[in-house]
Amino acid sequence: MRVIIIGAGQVGSSIAADLDETHEVVVIDCDPERVDELNYSLDVLALHGDGTSVDTLEEADVERADMVIASTDDDETNIVACATAKAISDAFTIARVKNTEYLRTWQRSEKAFGIDFMVCTNLLAAESIVRVVGLPAARDVDPFAGGQVQMAEFEVDDESPVANQTVSEADRFDSLTFAAILRDGEVTIPRGDSVIGPGDRVVVIGSPQSVQGFASSVSPGESPGTAEEVVIVGGSEIGYHVARLLEERGFKPRLIEHDPDRARELAEMLPGTIVMESDATDVDFLEREYIGDADLLVSALDSDEKNLLVSLLAARLGVERTVAVIDTTPYVDLFEAVGVDVGVSPREVVAEEITRFTREGGAENVALIESDKAEVLEIEVDAESVLAGKPIRESVATLPEGVVIGAITRRREFITPRGDTVIEPGDHVVVFVDSCVIDDVTPNL
Amino acid sequence: MKLRVDYRASLRLVGTVLKYLAVPLCFPLVVALYYGESVLPFVVTMGVTVLVGTGLERLTDDPDIGSREGFLMVALTWLAVTIVGAIPFLIEAHGIPFVASPIHPESTLGNPVNALFETMSGFTTTGATVLGDISFNSHTRGIMMWRQLTQWLGGMGIVVLAVAILPELSVGGAQLMDAEAPGPGIEKLTPRIAETARALWGAYLGLTVLEIVLLYGLHVTGNAPNMDVYNAIAHGLTTMPTGGFSPEARSIEAFSAAAQWVIIPFMLAAGTNFALFWHVLTGDPKRLFRDTEFKSYLGVIGVISAILAGILFLGDGLMSVAPAGETYDQLYLEGIRTAIIGNVEPAVRQSVFQVVSIVTTTGYASIDFNAWSAPTQYGLLFAMFIGGSGGSTGGAVKIVRWYVIVKSLRRELFTTAHPEAVRPVRLAGRAVDERAIRGIYAFTLLYLVLFFISTGLLHLDAARIGFDVSILETMSAVAATLGNVGPGFGVVGPMGSYLDFSNGSKLYMVLLMWVGRLEILPVLVIFTPEYWRR
């Protein structure tokens with residue numbers, strides 16, 4: 001596939017890096033130095049120019065392109081670039097935007113702006129933060145098959161009752177599959193007798209109820225649900241959407257914003273949120289408002305360092321779990337190592353979303369595990385798939401190591417995959433796939 | 001914003017409005033012709049309006065209305081129409097030297113102060129009266145019709161009417177309507193202000209006609225013997241503006257229960273924001289019941305009515321012995337006691353009618369509520385401060401202001417515990433601007449200050465002339481004139497009048513009605529030096 005990426009910022013470059021091995025990638029950027037750098041560091045063609053100009057797009061041979069991804073930091077540029085590309089080619093266009101107004105316009109009529117798919121950075125990041133809220137100890141939660149199936153990644157600490165148990169001991173839930181154990185950055189596919197060690201991360205796939213049940217068996221002390229008290233620090237777009245989405249789910253979050261005008265604006269937009277105008281690093285204030293009693297603190301300030309500081313401060317005051325928005329993707333691991341419980345990188349979230357369109361084989365939905373160690377895919381099985389019409393035991397034998405069938409939905413009914421379950425065409429299958437084998441496996445599914 | 005007030009422009013527009021006042025004067029003229037009465041009071045007044053009006057119009061050719069000129073124009077218009085509107089009453093009592101003899105020389109409106117009071121009470125839709133004898137024995141039908149028509153003209157606003165029909169006012173129309181329209185802020189329904197004004201007047205006219213037809217329908221079908229054509233028109237003209245000038249001395253008590261039930265929904269409609277009717281008619285009827293103010297309005301009326309109906313039903317709400325010197329006697333009291341106590345329909349009807357009449361500031365009475373006991377009377381006094389909705393024809397403080405005040409006080413309590421919390425006050429889900437909240441506080445405080453000061457002044461003045469009134473009576477008189485309600489308690493009760501106050505007190509109450517109708521600030525501001533300064 002020939003892919004044109006407009007904008008070589010963090011998102012554009014990381015998508016380019018993701019695709020350069022398997023696709024023909026052209027990157028357009030208006031910064032000549034960055035163009036130079038990309039030409040050396042990645043196996044892509046980097047062009048200098050304005051992505052909204054017809055000349056530049058023609059130079060990139062847009063007529064032959066299958067996909068145009070506009071991923072600059074500027075919403076309007078991305079929209080115009082997609083519209084321009086659409087005007088002179090048949091390529092599938094993807095635009096990244098921050099402003100949710102554009103997203104809403106596009107959702108109203110999916111032909112708007114000549115964009116085939118629009119991803120909204122801030123909204124996606126907020127959604128992935130909110131998914132974590134309901135599940136104690138979860139680091140990452142992704143819904144599949146219209147919410148019928150959940151994939152969740154949990155960290156098992158020393159005190160967890162699950163620590164040092166074998167997988168078959170820990171698995172007390174009917175509709176739950178252990179997809180992987182992550183230990184020191186290594187992915188292992190668990191068997192019944194695999195032992196879950198303290199400090200390991202476990203990836204499970206199953207019905208939302210069983211994932212919820214497993215969450216409470218990982219850390220029984222924390223009660224999930226709407227009783228949870230959530231504090232959001234920073235009224236950025238992400239902070240706003242987190243509060244809004246939590247309101248929709250019946251939470252009454254508190255939001256701390258330093259700027260008086262923005263605080264007022266937020267208070268007007270969020271009727272179910274208590275907005276407080278203060279500096280979130282003011283310890284007196286935090287103690288007076290008993291921030292330490294909160295179950296969860298989301299730090300969504302505009303600087304990574306401040307988010308780290310606030311998260312550490314909150315943890316010190318006694319907040320159960322901290323989630324920090326981390327702009328610089330490489331910091332995620334580092335911050336999680338020093339004490340932030342969950343790091344969410346908006347750029348990574350966007351990259352995940354865009355990746356789903358670059359997959360062959362009709363993947364409906366994709367989640368990345370540990371940035372790129374493994375992927376969880378949702379696939380609608382057709383008659384040609386290796387999975388169709390056979391019991392799972394037989395079909396898995398034909399696939400390489402590192403593939404786990406996590407869950408099946410048939411006509412929106414959840415089916416727990418067992419060795420003798422026969423997958424029918426039309427079923428939605430959620431599969432865990434190790435990155436090493438992903439390119440061999442996906443075309444066959 | 002201009003640096004200086006262009007008073008010529010304001011006066012010129014006052015002249016235009018005054019000139020056109022000759023048109024509505026035709027209506028009582030036709031009534032007088034029909035009943036074979038003298039048309040002179042109206043013909044002379046029409047001459048005066050045209051003469052003075054065209055005279056003022058010569059002041060300037062190109063009036064440019066800014067917000068300062070708007071305040072002045074609106075305030076002066078109400079004063080001017082009141083002065084001119086009093087002329088028919090004076091002619092009726094005094095005649096014209098060498099031309100015509102007096103028609104009813106015994107009329108109390110022969111005193112210019114009384115004539116001014118009655119006219120201001122009419123135009124401001126207050127309904128407080130200084131008529132000694134409300135009957136056709138001492139007044140012609142034409143004069144009484146003029147008295148009722150002043151209320152109808154004042155209801156939706158003389159200036160709004162002028163904006164609706166006079167093209168030269170459409171440019172500064174928004175300023176003018178803002179200075180006159182009851183309630184905080186105006187709502188533009190259409191891009192053009194003149195069309196908005198026309199829409200409001202259209203709804204107002206439509207409802208008035210509907211009421212007249214229904215009331216007369218009751219008469220024709222035999223359900224309201226007293227409601228003849230004259231009465232049907234007179235009550236149509238005084239219900240919708242929340243006025244309360246009834247040509248009957250016993251007010252609505254003179255009519256059947258059926259007529260009283262018909263009038264209740266029209267009073268309710270009059271106290272509703274007229275913009276809502278426009279939305280209902282242009283295809284969004286659900287908007288009526290989504291509106292926070294409308295819901296609170298119905299809720300407040302419902303709660304107070306239910307309490308009063310309960311006390312009336314049990315008998316605690318009515319006195320058992322008539323005090324001496326009252327406007328009613330023991331026989332009347334015994335009559336209403338047997339009718340109301342233990343009977344659901346009269347108890348509910350009387351309480352709902354009175355509460356709706358007072359909250360909407362209409363001021364009709366279906367019963368002499370002087371015969372009610374102290375707790376029920378205090379309930380009504382309290383209701384005098386509530387008022388109708390913003391954008392209605394009702395007076396007083398208005399529901400929307402109270403609603404915002406209650407919510408912002410709750411916010412204060414919250415922020416006392418959490419000083420950093422930012423909580424906008426929401427009205428129907430939308431945040432209210434903090435400046436608007438300050439304005440509402442200022443208005444309400446000013447209203448209450450004016451109420452207490454005026455009560456003191458009037459009470460002192462009554463003592464000076466040896467007029468025996470209780471403090472409750474004085475308070476009710478001030479609340480009723482400032483809030484444009486009409487009747488108060490005791491001597492100024494629904495079957496009484498303001499006649500016995502001194503001329504000074506009555507002039508002061510003219511000021512109160514004027515200030516109250518225009519919501520205080522637009523009138524008071526023109527008395528400040530800052531207003532006139534560069």
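Predicted model: local features only at pLDDT ≥ 70, side-chain atom pairs only at ≥ 80, totals over all residues.
1. In chain B, the mean positions of the 34 positive and 39 negative charges lie 11 Å apart. Here Lys and Arg count as positive and Asp and Glu as negative, with His and the chain ends not counted; each charge is placed at NZ of Lys, CZ of Arg, CG of Asp or CD of Glu.

2. A word on conventions: residues are numbered from 1 along each chain as its sequence is written, and chains are lettered from A in the order in which they are written. Local features need pLDDT of at least 70 and side-chain atom pairs pLDDT 80 or more, while totals for chains, interfaces and linings use all residues, and side-chain values use heavy atoms, leaving out hydrogens and water.

3. Now the overall build. Chain B has 24 helices and three strands (DSSP runs numbered from the N terminus: H or I of at least four residues for helices, E of at least two for strands). Its radius of gyration is 23 Å, close to the 24 Å that the globule rule gives for 534 residues, so chain B is as compact as a globular protein of that length. That radius is taken over C-alpha atoms, and the rule is 2.2 Å times the number of residues to the power 0.38. The C-alpha trace spans about 80 × 65 × 55 Å along its principal axes.

4. Of the 534 residues in chain B, 58% are buried (under 20% relative accessible area; exposed is over 50% and partly exposed in between, with a 1.4 Å probe and protein chains only).

5. The largest nonpolar core holds 155 residues, and B:F274 and B:Y498 have the most contacts inside it. Such a core is a set of buried Ala, Val, Leu, Ile, Met, Phe, Trp, Tyr and Cys residues joined through side-chain atoms within 4.5 Å. Helix 10 (residues 193–220) of chain B gives this core its largest share, 11 residues. A second, separate core of 78 residues includes A:L47, A:C82, A:A112 and A:V342.

6. Helix 5 (residues 87–94) of chain B is worth a look: six of its eight residues are buried, among them B:F89 and B:E92. Its cover includes helix 3 (40–57), helix 4 (67–85), helix 6 (112–123) and helix 7 (141–155) of chain B. Just after helix 5, B:G95 takes a positive phi of about 70°.

7. Finally, B:V43 sits in helix 3 of chain B and counts as partly exposed, at 41% relative accessibility. B:V43 and B:W146 are 103 residues apart in sequence and 13 Å apart in space, C-alpha to C-alpha.

Note on methods:
Contact = heavy atoms within 4.5 Å.
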